[in-house]
Amino acid sequence: MSYAVSGRPVGRGLLFLTLAGLAWGTAGAAAALLYRSSGLGPLALSFWRYVGGLALLLATLALRPASRRPRPAARVRGGFARTLAQGLVLAVFQSTYFLAVRDTGLAVATVVALGCGPVLIALGARLGFGERLGASGVLAVAGALAGLAVLVLGGGGATVRPAGVLWALVSGVAYAALTLLTRGAALAGGGGDAVTTTAWSFGVGALVLLPFALAEGALPGSGAELGTTLLLLGYLAGVPSALAYVLYFAGAAVVRSATVSVIMLLEPVSAAVIAVLLLGERVTGATTLGVALLLAAVAGLAVRERGAGE
């Protein structure tokens, strides 16, 4: 096994995942602003997110000292089939989530897509890798899902539409598959470099989404605010995409899968904070309770993970 499971790598992995989850939470606000300024649809937005992120990652790889670049043999060992699968499920995960938001609203889409992830991941990790949650782990996952439901649905007014729920379920399955693929590759000794893995995944995702983006309309509309659009696309490609996914792939390789899925539920916490601080939304009792439950679950699993890794 090429990834040592000790206190230090696990602690670093937990930090990486926390930062990735918080960064993911800013993507929704950026996407909402982009819809207004650019006229781009969800599939075109996902396409440009991957293209921009890929460009940034390739530039990062090119600027690396030669001694720190992954050797070609290491890239081959990582497996073309695994890389292709990661890119495909990444494209499905993101695009179907945006479609779910369009068809059934943000609240229901978030609860279904992110809520089914921890359950599917815990089951897959138990069957595939023999990872056990234990009683405390099950309690933490249940608390996290309760916090997610309270946080996102607590304001009421959610609309449930079957088509949107179906898209959200597909997104949740793809997210679970991405996490399990990443963890499985690490346990098999073929995880590879996180920057390279992310770059290849973005490249595959962009190719998959290209025909759909062209059909939807890949270029901003005639009334688009070009400067604002480019600035927001740069942020979306850089922070919640390139940076966040590098951190995610690095963290998911050394942290148990179920723990990964719960920590990534920090995404709606980050989004809620942004909504309050920047978008003028008021703090409600449901928001406070949901955030508290989620943070308690994340903290509990993080302490348990550190203890298991030492």
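**Close-up 1. Helices H5 and H9 are oblique to each other in this predicted model.** The reason lies in the crossing angle: the axes of H5 (residues 80–104) and H9 (residues 194–216) cross at roughly 60° and come within 7 Å, and an angle of this kind is therefore classed as oblique. Two packed helices are described in general by the angle between their axes and by the distance between those axes. The crossing in which H5 passes H9 is right-handed.

**Close-up 2. Residues of H5 meet residues of H9.** On the side of H5 the contact is made by Thr83, Leu84, Gln86, Gly87, Leu88, Leu90, Ala91 and Ser95, while H9 contributes Thr197, Trp200, Ser201, Phe202, Val204, Gly205, Val208 and Leu209.

**Close-up 3. Tyr248 belongs to the largest nonpolar core.** This core has 83 residues, and Tyr248 is listed together with Trp24, Tyr245 and Met264 as having the most contacts inside it. Helix H10 (residues 226–252) gives the most to the core, with eleven residues. Leaving aside neighbours within four places in sequence, Tyr248 is in contact with Leu17, Ala20, Trp24, Tyr175, Leu178, Thr179, Thr182, Val260 and Met264.

**Close-up 4. Ser257 is a buried residue of helix H11.** Helix H11 spans residues 257–263 and includes Ser257, which counts as buried because its relative accessibility is 0%. Not counting residues up to four places away in sequence, Ser257 touches Ile121, Ala125, Phe129, Glu131, Thr179, Leu180 and Arg183.

Terms used:
Residues are numbered from 1 along each chain as its sequence is written. This is a predicted model: local features need pLDDT of at least 70, side-chain atom pairs count only at pLDDT 80 or more; totals for chains, interfaces and linings use all residues. Side-chain values use heavy atoms; hydrogens and water are left out. Axes are lines fitted to C-alpha atoms, for helices over the stretch in contact, and angles run from 0 to 180 degrees between N-to-C directions. Helices (H or I, at least four residues) and strands (E, at least two) are DSSP runs, numbered from the N terminus. Angles under 35 degrees count as roughly parallel, over 145 as roughly antiparallel, 65 to 115 as roughly perpendicular and the rest as oblique. A crossing is left-handed if the near helix is turned anticlockwise from the far one by less than a right angle, and right-handed if clockwise. Contact means heavy atoms within 4.5 Å. A nonpolar core is a set of buried Ala, Val, Leu, Ile, Met, Phe, Trp, Tyr and Cys residues joined through side-chain atoms within 4.5 Å. Buried means under 20% relative accessible area, exposed over 50%, partly exposed in between (1.4 Å probe, protein chains only).
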